[in-house]
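Please open the model in your viewer and keep the selection panel at hand.

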Amino acid sequence: MVAKRVVPILQVHGGRIAGAAPVDGARRLELEGADEILFVEQGGDRAGRIAWLAEVARALFIPFALEAPFQDPEEMAEALAAGAGRVVVPDLDAARMDAPRFGRARVLATLDVAWSPAEGWDAVLARLMELGQLGLGGAVLSAGVQELDDLCARTARLPVPILLRCADPTLAAEALAHGADGIAYPADLMTAAEFKALLSGAGVPLRR
Amino acid sequence: MITLIQHGDQPLNTLEGALDQLGFDHRRAVAPGGAALDGPLILLGAGPFDAACAALKAGGWWWDLPQMAAAGRPVLGIGLGLHLLAEGSEESPRGAGLGLIPGIVRSLGPGVKLPHDGWSQVRQQRAHPRLPDPRDAWMYFQHGHALEPTSETLQIAHHGRPFSALELRGQAVGLQAHPEKSGSYGLVLLAKLLACLGEQPRARAGVN
């Protein structure tokens with residue numbers, strides 16, 4: 001059995017998270033029991049990114065991923081070589097760039113999912129099914145509250161793991177019960193231990 | 001002194017950080033001539049099987065590594081490194097592996113999400129006098145293919161089907177999970193495996 005993953009999100013601006021070094025925030029989250037960390041970077045230069053990624057990689061003994069506005073496949077390759085276990089790219093077009101080169105599991109796509117009466121779920125699912133066909137390692141999904149149950153029930157049948165952005169532990173527990181594989185939530189919302197305790201109380205199978 | 005085989009753009013930062021934490025001396029080597037004179041060779045791998053084979057050939061490891069192993073040099077393969085030590089992989093039907101561990105690596109599934117990406121429990125199938133019983137310890141996996149277990153397999157995990165989590169054949173060790181990303185248990189296991197291969201830390205480990 002694969003445990004459902006609890007993945008705090010750390011926002012990185014100019015190589016810092018809320019005034020601290022990324023490695024400090026990441027170590028704290030590991031000690032709290034996070035299963036993985038998702039760094040979302042905005043701003044910052046390429047050389048600076050590689051430096052903080054390498055620092056995190058040497059000090060963190062759980063997996064971490066980086067979502068960033070990668071300009072080309074070489075930037076993705078640099079991030080992976082520096083130690084990010086996965087890179088998260090903003091849409092399927094970007095994911096198509098070079099996913100096979102990096103290998104299955106190392107490139108994820110982040111998608112905003114919205115159900116519409118005109119398209120129904122078929123269009124959404126077709127888009128998600130393409131992930132597996134592209135050889136991607138999965139998706140990080142954002143969806144509205146009204147769509148979570150339907151989305152998760154349908155993503156349970158998808159061929160790749162799905163990480164869902166969700167800040168509400170109650171909704172997160174429902175989404176995980178319906179087939180999502182992990183929850184990504186803002187790290188400053190609560191500790192990973194607190195988030196896990198709430199999920200565990202709702203019967204979600206987690207790594208202890 | 002441990003030698004980390006640098007092939008392609010494999011990310012070694014986290015493994016180096018783990019070895020530092022455990023107190024082991026280590027160095028990177030892009031070619032066999034750069035390896036330490038003795039001590040274990042670690043072959044860490046992520047990404048496509050074919051690309052790793054090509055990188056090992058480009059560095060000269062493909063031919064020298066089996067000879068070094070035959071001369072008694074310990075080898076530890078981690079993740080894709082285990083697949084490379086095996087006889088071959090379905091991921092590259094026409095390509096052979098290094099043949100230090102018997103068996104062909106096959107795709108996981110069907111009926112499960114791929115890649116297998118997350119934390120799964122590991123259990124002992126066959127005791128080894130110098131290795132701890134994992135007792136369902138959680139380890140981090142990131143792979144779509146795996147070696148099928150045999151009666152010689154020490155530890156197994158499950159994703160759609162049972163697969164080999166730990167092989168120890170003479171001085172060749174293969175580990176499917178990533179100990180460097182498996183928290184404190186992963187570090188303990190890494191230290192025990194290296195001790196099995198005759199390597200001792202220069203200082204007392206900082207991990208219980």
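**First stop: the end of a helix**

Select B:G23, which lies just after α1(B) and takes a positive phi of about 90°. Helices (H or I, at least four residues) and strands (E, at least two) are DSSP runs, numbered from the N terminus. This is a predicted model, in which local features need pLDDT of at least 70 and side-chain atom pairs count only at pLDDT 80 or more, while totals for chains, interfaces and linings use all residues. Residues are numbered from 1 along each chain as its sequence is written, and chains are lettered from A and ligands numbered from 1 in the order in which they are written.

**Helix α1 of chain B**

A residue is buried if 20 or more other C-beta atoms lie within 10 Å of its own, exposed if 12 or fewer, and partly exposed in between; C-beta atoms are placed from the backbone. Among the buried residues of this helix are B:L15, B:L19 and B:L22. Now display what the buried residues pack against: α2 (46-59) and α3 (73-82) of chain A, together with β1 (2-5), β2 (26-29), β3 (41-45) and α5 of chain B.

**The contact between the chains**

Next, colour the two chains separately: 30 residues of chain B are in contact with 30 residues of chain A. Contact requires C-beta atoms, placed from the backbone, within 7 Å. On the chain B side, the elements that give two or more residues are α1 (13-22), β7 (116-124), β8 (137-143) and α5. Of these, β7(B) gives the most, with six residues.

**The largest nonpolar core**

Which residues touch the most other members of the largest nonpolar core? Select A:V87, A:A139, A:I183, B:I42 and B:L85, within a core of 134 residues. Such a core is a set of buried Ala, Val, Leu, Ile, Met, Phe, Trp, Tyr and Cys residues joined through C-beta atoms within 7 Å. Helix α5 (residues 183-196) of chain B gives the most to this core, with seven residues. Then centre on A:A139; not counting residues up to four places away in sequence, A:A139 touches A:L108, A:A109, A:T110, A:L111, A:L128, A:L131, A:V160 and A:I162.

**Chain A as a whole**

The C-alpha trace of chain A spans about 45 × 40 × 30 Å along its principal axes. Of the 208 residues of chain A, 49% count as buried.
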